[in-house]
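Reader: I have a model open and some questions about it. Can we go through it piece by piece?

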Amino acid sequence: MEYTILSSALAYPKDIEAFLEKVPLSAMSQNAQKLFNLCLECNAQNIDANVALIETKLGSEFVESEFFKNVCAGDIYPQWLNLIPAFKEHLAIQKQKDIAYKLLNASEKGQVVDIEILSQEKSLEVSEAKSLRQWVEYFADKPILPKIKCGIDFLDVCFDGGFELGQLVLISGDPEAGKTMLSIQMLEYIAKTNKVCFFCFEFTIESYLKRHRVRQLDNMYIFNDGYDINEICQNIKSLYKKGVRVFLIDSQMRITSPSGRNMEEEESLKFSSLAKLCHSLKILIFLIVQTSKGDRDNPMGSKKGGHESSITIRIERSPAPKELKDLQEWDEKSRIVLVKKNKQTGRHFSEKVNFDPSTCTFSNPNFSNNKEQKSISYKEIEAALNQFK
C-alpha cells in the first residue's frame with residue numbers, strides 16, 4: 001500500500017503536508033522518506049518532482065531500483081488523503097510483524113528483549129504542538145516532584161537542594177578514585193527516606209555487606225546479575241511499580257547489549273534506553289561510566305552517551321602534598337569532585353573533599369553554603385550581558 005501512497009503523492013504533491021499531519025514520516029520506509037523529503041523540497045521551490053529531477057537528487061541507482069519501479073507502477077488516487085486510515089492500519093500490521101520477527105530472532109539467540117521499547121519504535125502517532133497556555137494548564141494539574149538530597153553538601157547546593165527526578169546522572173573518574181564509593185554513599189543516604197535499587201555488578205553483594213552498614217534494610221533492593229540492557233530496563237520498571245524511584249548501576253562496562261551491532265551502537269543503546277526510562281517514568285538513575293584518557297568527558301565508546309545524560313559528575317585524584325611528593329604521587333585522603341555537566345541548574349562546581357580510606361566515605365566539612373555565591377548559572381551570565389548592552 002505504500003507504493004499507492006507514494007504514486008499518488010508524486011501525482012498530487014500539494015497534499016503531502018496534510019498527509020504528514022496524520023502520518024509520521026518516521027513510520028515509513030527509508031526510501032519512502034527520501035521521496036517525501038524531496039517532494040517537500042520541490043513544493044517549497046514550486047517545481048515538479050519528475051523522474052529526471054529524482055535521478056539528479058537521489059541517483060540513478062535509486063531510480064533503477066525495484067522500489068521506485070513499483071512506485072511508478074502503483075495506482076494513483078486523486079483523493080489519496082482518504083487512504084490515510086487504511087494506510088495507518090497497514091503500518092500497524094507491519095509494525096506487529098517487525099516486532100514479532102525481532103522477538104523470534106532474539107529468542108533464537110537466547111536474548112531477552114524489552115517489548116515496550118520495541119513498541120516505541122516507529123510510532124504511528126504524530127506529535128501535536130500545545131500552546132503555552134495548554135502547557136501551563138497541563139503542568140498545573142501535575143504534582144510537583146520532590147528533589148532528592150544526596151547528603152553531599154556541595155552537590156546538594158549545586159543542584160538547589162537535591163537531584164530532580166527524570167534524569168540520567170553519569171559518574172565518571174580516574175581509576176580507583178572512588179566512583180563506586182561516592183555513588184554508594186549517596187544511595188545509602190537517599191535510602192534513609194526513599195526506596196532505592198543498587199545493580200551491584202562490579203563486586204559481590206557479600207563484599208558490599210562486609211564493607212557497608214545499611215540501616216534502611218527494607219528500602220534498598222539489590223541485583224547481583226542480569227547484565228543485559230533489556231533485562232535491566234525490565235527490572236527497573238518492575239521495581240518502579242513497587243515505589244522505587246532512584247537506581248544506581250555499577251557499571252557501564254558490565255552492561256551487555258544485543259549482538260550484531262558495532263561498538264558505538266552497542267554502547268549508545270545502553271544510554272538511550274536508560275535515558276528514555278528516566279524521562280518516561282520520572283526516575284533518577286546514577287550510572288557509573290568509564291572514560292578514556294583521550295576523552296574524559298564522554299563515556300567510553302559512545303559520544304551519544306554524554307549527550308543523553310542530564311548531569312555528569314567526575315571524581316579525580318588529588319596530588320600529594322609537597323612534603324610527600326617523593327613518597328607518593330596522590331593524596332590518599334582527598335579527592336576532587338567536579339560537576340562537568342548540569343542541565344538542572346546550569347552550575348558547574350569543582351570541590352576538593354576529604355576521603356577516608358578506612359570507611360571509603362567522602363566529606364567536605366569546610367564547605368559553606370556561601371560558596372554558592374561563587375558559582376554562576378548560564379541565566380545569570382545572560383542577564384549580566386543584557387544589562388551590559
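Reader: What volume does the largest cavity have?

Author: The largest cavity has a volume of about 30 Å³. A cavity here is a set of points on a 1 Å grid over the protein atoms alone where a 1.4 Å probe fits but cannot get out. Grid points are joined across faces, edges and corners, and the volume is the space filled by probe spheres set on the points.

Reader: How many cavities of 30 Å³ or more are there?

Author: The count is 1 cavity.

Reader: Which residues line the largest cavity?

Author: The lining consists of L10, P13, C39, C42, N43, I47, D48 and A49; a lining residue has an atom within 4 Å of a point. Of these residues, 6 are nonpolar, 1 is polar and 1 is charged. Ala, Val, Leu, Ile, Met, Phe, Trp, Tyr, Cys and Pro count as nonpolar, Asp, Glu, Lys and Arg as charged, and the others, Gly among them, as polar.

Reader: And which helix gives the most to that lining?

Author: Helix α3 (residues 30–45), with 3 residues. Helices (H or I, at least four residues) and strands (E, at least two) are DSSP runs, numbered from the N terminus.

Reader: Before I go on, what sort of model is this, and what are the ground rules?

Author: This is a predicted model: local features need pLDDT of at least 70, side-chain atom pairs count only at pLDDT 80 or more, and totals for chains, interfaces and linings use all residues. Residues are numbered from 1 along each chain as its sequence is written, and side-chain values use heavy atoms, with hydrogens and water left out.

Reader: What is the mean pLDDT?

Author: The mean for the protein chain is 85, and 87% of its residues reach 70 or more. pLDDT is the predictor's confidence in each residue, from 0 to 100.

Reader: Where is the pLDDT below 50?

Author: Over residues 370–378; beyond near neighbours in sequence, that stretch has 15 contacts in the model (heavy atoms within 4.5 Å). Where pLDDT is low, the predicted coordinates should not be read in detail.

Reader: New topic. How many salt bridges are in the whole structure?

Author: The search finds 11, each being a side-chain nitrogen of Lys or Arg within 4 Å of a carboxyl oxygen of Asp or Glu.

Reader: What does R347 pair with?

Author: R347 forms a salt bridge with D160, and their closest N and O atoms are 2.7 Å apart. R347 is in the loop between β7 (330–342) and β8 (350–356), while D160 is in the loop between α10 (153–158) and β1 (167–173), so the pair ties together parts 187 residues apart in sequence.

Reader: Is R347 buried or exposed?

Author: R347 counts as buried at 10% relative accessibility, whereas D160 is partly exposed at 36%. Buried means under 20% relative accessible area, exposed over 50%, and partly exposed in between (1.4 Å probe, protein chains only).

Reader: Where does K340 lie, and what parts does its pair with D297 tie together?

Author: The side chains of K340 and D297 meet in a salt bridge at 3.3 Å, N to O. K340 lies in strand β7 and D297 in the loop between β5 and α15, so the pair ties together parts that are 43 residues apart in sequence.

Reader: Which residues do salt bridges with shared partners join into one network?

Author: D174, R296, R314 and E316. Within that group, R296 and E316 meet at 2.9 Å, N to O.

Technical notes:
1 Å grid on protein atoms, 1.4 Å probe; cavity = no way out; pocket = protein on both sides within 12 Å on 5 of 7 lines; lining within 4 Å.
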